[in-house]
Amino acid sequence: MPRVQPLPESEAQDKVAQTYGRIRELLGVESLPEMFLVYGRVEPFLRDFYMNFKKFVYTDGALTRQQKSAIALAVSCHAKSEPWMEFCTGYCRDAGWNEQQIAEIIAVASTNYMYNTFFKFRDLSGSALFEGMPVGLRAHTFTSTSLGTDMVELINIAISDINACKPCTSGHVDAARGAGLNDNQLLETIQCAATIYAGAQFLSAAGAE
């Protein structure tokens, strides 16, 4: 039994009903995906999520919708949120990524975990010994996909930040700037990632997966 039951559209009133309508209009759907109905039980969260989702995930800004869709998919996979993984996979398709590239987005995020694990250990261990030892891990995925350097670095920044890997986050910010991305684009990467991660965490805690 879910801890938080979805609030059906037929039962929504006042501000929740208004926000449901705005989300339907944004997505171009007749009925809302269920995760929004779960958020509807807490009107302020629904309203905040909708506003953040619209601005930072679902419309062009400093980043394009296509770039945002890839970040959203990577983060939803990181959060292991099946509803958001399904939604973001469809979003990626609609935004122009093909099936191979969708697999590559997931692969880049997964490769990032490997490096985050290594560099967090080296950072947290407090031993200079490990600083002088070679990494030894292979990461051809970062350079051998069709996503482009800029997209790979945006995914890497989002996942490294969520994983709290300071050396990786810092390194990928430098690499992203070297690839021609500006600071507004990097900030919007984190705003996009933060929005999807918050939504996924609510669903998980609500038992709505």
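How many of the 14 residues of α8 are buried? Ten are, so α8 is largely enclosed by the rest of the structure. Buried here means under 20% relative accessible area, exposed means over 50%, and partly exposed lies in between (1.4 Å probe, protein chains only).

The model is predicted: local features need pLDDT of at least 70, side-chain atom pairs count only at pLDDT 80 or more, and totals for chains, interfaces and linings use all residues. Residues are numbered from 1 along each chain as its sequence is written, and side-chain values use heavy atoms, with hydrogens and water left out. The score pLDDT is the predictor's confidence in each residue, from 0 to 100. The protein chain averages 93. At least 70 is reached by 98% of the residues. Helices (H or I, at least four residues) and strands (E, at least two) are DSSP runs, numbered from the N terminus. Among the elements of the protein chain, helix α3 (residues 43-57) has the highest mean pLDDT, 98. Helix α7 (residues 128-131) has the lowest, 69.

Helix α8 covers residues 149-162. The expected span of a helix is 1.5 Å times one less than its number of residues. For the 14 residues of α8 this gives 20 Å, and the end C-alpha atoms are 20 Å apart, which agrees. The buried residues are M151, V152, E153, L154, I155, N156, I157, A158, I159 and S160. Their cover includes α4 (65-78), α6, α9 (166-178) and α10. Contact means heavy atoms within 4.5 Å. Just after α8, A164 takes a positive phi of about 60°.

A158 illustrates the packing of this helix. A158 lies in α8 and counts as buried, at 1% relative accessibility. Leaving out residues up to four places away in sequence, A158 touches I71, V75, T189, I190 and A193.

Helix α6 runs over residues 99-124. The 26 residues of α6 should span 38 Å, and the end C-alpha atoms are 38 Å apart, which agrees. At the start of α6, a side-chain oxygen of N98 reaches to within 3.1 Å of the backbone nitrogen of Q100. G126 follows the helix, with a positive phi near 75°. The buried residues of α6 are Q101, I102, E104, I105, V108, A109, T111, N112, Y115, N116, F119 and R122. An α-helix has 3.6 residues a turn, so residues three or four places apart point the same way. T111 is buried, with a relative accessible area of 11%. Beyond residues up to four places away in sequence, T111 touches A139, T141 and F142.

A nonpolar core is a set of buried Ala, Val, Leu, Ile, Met, Phe, Trp, Tyr and Cys residues joined through side-chain atoms within 4.5 Å. The largest one has 64 residues. Those with the most contacts inside it are F36, F53 and W84. Helix α10 (residues 183-206) gives the most to this core, with eight residues. W84 is in contact with M35, F36, Y39, F49, F53, S76, I196, G199, A200 and L203, its neighbours within four places in sequence being left aside.

A salt bridge is a side-chain nitrogen of Lys or Arg within 4 Å of a carboxyl oxygen of Asp or Glu. By this rule the count comes to five. One of them joins R24 and E9, at 2.4 Å from N to O. R24 lies in helix α1 (residues 14-27) and E9 in the segment before α1, so the pair ties together parts that are 15 residues apart in sequence. R24 is partly exposed, with a relative accessible area of 26%. E9 also counts as partly exposed, at 26%.

R47 forms a salt bridge with E43, the closest N and O atoms being 2.6 Å apart. These two residues are four residues apart in helix α3, and are therefore separated by about one helical turn. R47 is partly exposed at 33%, whereas E43 is buried at 17%. D183 forms a salt bridge with R177, with the closest N and O atoms 2.9 Å apart. D183 is partly exposed, at 46%, and R177 is partly exposed, at 43%.

Definitions and conventions:
A polar contact is a pair of N or O atoms within 3.5 Å; within protein, one must be able to donate a hydrogen and the other to accept it, and residues adjacent in sequence count only if both atoms are side-chain atoms.
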